Amino acid sequence: MRAAVLHEIGQDKLEVLDDVEAVGFGPGKVRIRVRATGLCHSDVSAMSGVLPQPAPFVPGHEGAGEIVDVGDGVTGLGAGDRVLLCWLPACRVCAACRRGQTQLCLAGFMNAGVPNFKRPGGDVFGFAGTGTFTEEVVVDAGCAVPIPDDVPFDIAALIGCGVTTGLGAAINTAKVTAGSSVAVIGCGGVGISAIQGARLQGAAQIVAVDPVESRREAALRFGATEAVAPDALADAKQRVTAGEGFDYVFEVVGKSATARTAYETTRRGGTLCVVGAGALDDFLQLNMFELFFDEKRILPSMYGGGDVLTSYERAIALWRAGRIDLESLITHRVPLAGINEAIDQMRTGAALRTCIEI
């Protein structure tokens with residue numbers, strides 16, 4: 001079976017091998033034939049070591065495909081079912097799930113330390129307990145979420161992570177209000193989805209911030225009212241908000257420097273929503289006086305900040321109704337053999353989302 005493998009953390013290229021085997025199939029598990037998967041920035045962050053992940057590993061967590069087989073005890077799923085992969089399934093019984101915060105369930109994270117694959121040389125892990133840069137993957141049944149027949153695999157893959165994360169940040173976490181002012185720092189696939197979420201919520205001004213011109217142009221097509229380079233953000237703050245700051249600022253980069261900029265760009269009493277996944281050793285510095293005096297809300301948003309199954313259904317309904325554009329998020333397509341081309345497209349900012357067709 002073919003899969004793209006990172007041998008050591010810190011390497012910048014994947015090797016596509018044909019001697020990889022999906023392992024772990026048994027009770028409570030499903031085997032999935034992956035048909036499409038998106039390249040998310042988190043995959044690249046895991047490769048570089050920004051996000052913790054044992055190696056060697058198969059990246060990828062934003063995928064969709066067909067069930068090949070189901071293990072004993074699995075109900076509601078069968079061979080041939082079309083599904084998207086949920087990399088953070090809710091166990092429904094832990095304290096977080098019982099509180100209704102299913103996006104904080106740790107059950108899925110426990111899978112990250114269990115090998116999903118093996119090669120003649122030893123075990124291979126799957127990123128975030130999945131690993132979708134492969135032809136087949138074995139996961140817990142809770143990771144396989146059925147999708148309607150009218151949802152293409154590439155669209156379903158995006159809903160599996162980036163779209164749900166971005167939309168949810170605006171709708172679930174920040175709860176953007178109608179008529180408000182919004183800035184989104186970082187306009188890849190997740191940032192663009194946050195822009196679409198803010199537009200759906202009725203934001204009056206949405207300023208997209210990104211160093212890449214093509215991404216700024218794309219942001220305007222997806223609902224931003226203007227788009228600026230990072231060095232023009234201060235001017236945009238002055239023009240749009242008379243210097244007060246934006247009602248909502250979304251940080252979708254995952255770095256303390258941009259989070260600090262986002263904080264300073266948020267008005268007093270406004271909301272900073274942290275969406276980007278950053279490193280363990282990258283610290284955001286705030287002084288105790290400004291925390292007290294400015295009364296800004298700092299809201300991290302994990303996987304869209306809500307029940308992911310509900311968020312999936314909402315995204316599909318909005319897409320069907322033409323309220324959100326998901327097709328245009330896919331700016332590039334490559335086969336699995338071209339995975340390193342997709343990584344280059346992400347690193348240079350050329351792509352919003354690259355779909356790897358398997």
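Visitor: At what angle do helix α5 and helix α11 pack?
Guide: Helix α5 (residues 162-173) and helix α11 (residues 308-320) pack at about 95°, with axes 10 Å apart. Axes are lines fitted to C-alpha atoms, for helices over the stretch in contact, and angles run from 0 to 180 degrees between N-to-C directions. Helices (H or I, at least four residues) and strands (E, at least two) are DSSP runs numbered from the N terminus. This is a predicted model, in which local features need pLDDT of at least 70, side-chain atom pairs count only at pLDDT 80 or more, and totals for chains, interfaces and linings use all residues. Residues are numbered from 1 along each chain as its sequence is written, and side-chain values use heavy atoms, with hydrogens and water left out.

Visitor: Which residues of α5 and α11 make the contact?
Guide: From α5 come V163, T164, L167, G168, I171 and N172, and from α11 S311, Y312, R314 and A315; contact means heavy atoms within 4.5 Å.

Visitor: Turning to T132, is it buried or exposed?
Guide: T132 is buried, with a relative accessible area of 0%; buried means under 20% relative accessible area, exposed over 50%, partly exposed in between (1.4 Å probe, protein chains only).

Visitor: Where does T132 lie?
Guide: T132 lies in the loop between β9 (122-126) and β10 (136-140). Leaving aside neighbours within four places in sequence, T132 is in contact with residues including P59, H61, L85 and I358.

Visitor: And in helix α12, which residues are buried?
Guide: In α12 (residues 339-348), these are I339, N340, A342, I343, Q345 and M346. They pack against several elements, among them β1 (3-5), α1 (41-48) and β19 (353-357).

Visitor: Which residue follows α12?
Guide: G349 follows α12, and its phi is positive, near 85°.
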